Amino acid sequence: MARIPAREPPRLAKPVDDIPSGSLAALRREAAGCRRCPLWRHATQTVFGAGPGGAALMLIGEQPGAHEDLEGRPFVGPAGRLLREAIAEAGLDATGLYMTNTVKHFKYEQRGKARLHRRASASEQAACRPWLAAELAQVRPRIVVALGAMAAQTLFGNAFRVSQDRGAWQALGTGTRALATWHPSAILRMPSPGRERARRELVADLTLAAMALT
Ligand code: SF4
């Protein structure tokens, strides 16, 4: 993928104050000690974005799950496997992408030995938004794909509905285009045959992103 960064940092629909600055490595170190919201207290570690700083395509998910929390990397575990298969089917090289989440700590409820996923609140999402804005400002991807409602609404606003609006290009400021698609975790939770259809749509949307890079 050619390294032609966006001229300006991509803009989020939701307001962000106090965007941290510095290299991705410095941001990752700073985020490791983040206390901007209470989610750090019970999680294992901050799950910051991963991938080359010069990536032309950024994938943005929602928040880390139990596997990501333990490994410290986004998109591992069953949802990550589904996503990586879809990335390959779309003709993309996963090692050339920057992958991150909207919220960087795992939120869960303890039930016996199980840690059940809980959605980050609006205030927790807002507290974490500066890290995403900082990643976008550093990487300046030409193409962004939002995976799931949390990422899509952070980029495009609360009225965005993945089920209705996925696969359609939007501008994220100057020089960056973005679209939204299904989150792989949501696909895994769907009953058949909707699951197979959503998986095909995920591959189709990633293929659109791949074509936009050529
Ligand atoms: S979820 Fe985000 S804002 Fe909250 S402590 Fe973790 S890194 Fe900081």
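Reply: A word on terms comes first. A helix here is a DSSP run of H or I with at least four residues, and the numbering of helices starts from the N terminus. The model is a predicted one.

Take helix H5, residues 149-156. Is this helix enclosed or open? A residue counts as buried if 20 or more other C-beta atoms lie within 10 Å of its own. Eight of the eight residues of H5 are buried, so the helix is largely enclosed by the rest of the structure. The buried residues are Ala149, Met150, Ala151, Ala152, Gln153, Thr154, Leu155 and Phe156.

What surrounds them? The buried residues of H5 pack against strands E1 (57-61), E5 (143-147), E6 (170-171) and E7 (177-181). They also pack against helices H4 and H6 (162-165). After H5 comes Gly157. The phi of Gly157 is positive, near 105°.

Now follow one of those partners, H4. This helix covers residues 122-139. Angles over 145 degrees count as roughly antiparallel. On the H1 side, the contact is made by Leu24, Leu27 and Ala31. On the H4 side, Trp131, Ala134, Glu135 and Gln138 meet them. By class, this contact of H1 with H4 holds five nonpolar residues, one polar and one charged.

With four residues, H4 gives the most to the shell around the ligand. There are 15 residues around the ligand, and Cys34, Arg36, Cys37, His105 and Cys128 come nearest. Nine residues of the shell are nonpolar, two are polar and four are charged.

For contrast, turn to another helix pair. H3 (residues 77-89) and H8 (residues 194-212) pack with their axes 8 Å apart, at an angle of about 50°. H3 and H8 are therefore oblique to each other. Their crossing is right-handed. Ala86, Ile87 and Glu89 come from H3, and they meet Arg199, Leu202, Val203 and Leu206 in H8. This contact of H3 with H8 has five nonpolar residues, no polar ones and two charged.

Terms used: Residues are numbered from 1 along each chain as its sequence is written. This is a predicted model: local features need pLDDT of at least 70, side-chain atom pairs count only at pLDDT 80 or more; totals for chains, interfaces and linings use all residues. A residue is near a molecule or strand if its C-beta atom, placed from the backbone, lies within 6 Å of it. Helices (H or I, at least four residues) and strands (E, at least two) are DSSP runs, numbered from the N terminus. Ala, Val, Leu, Ile, Met, Phe, Trp, Tyr, Cys and Pro count as nonpolar, Asp, Glu, Lys and Arg as charged, and the others, Gly among them, as polar. Two residues are in contact if their C-beta atoms, placed from the backbone, lie within 7 Å. Axes are lines fitted to C-alpha atoms, for helices over the stretch in contact, and angles run from 0 to 180 degrees between N-to-C directions. Angles under 35 degrees count as roughly parallel, over 145 as roughly antiparallel, 65 to 115 as roughly perpendicular and the rest as oblique. A crossing is left-handed if the near helix is turned anticlockwise from the far one by less than a right angle, and right-handed if clockwise. A residue is buried if 20 or more other C-beta atoms lie within 10 Å of its own, exposed if 12 or fewer, and partly exposed in between; C-beta atoms are placed from the backbone.
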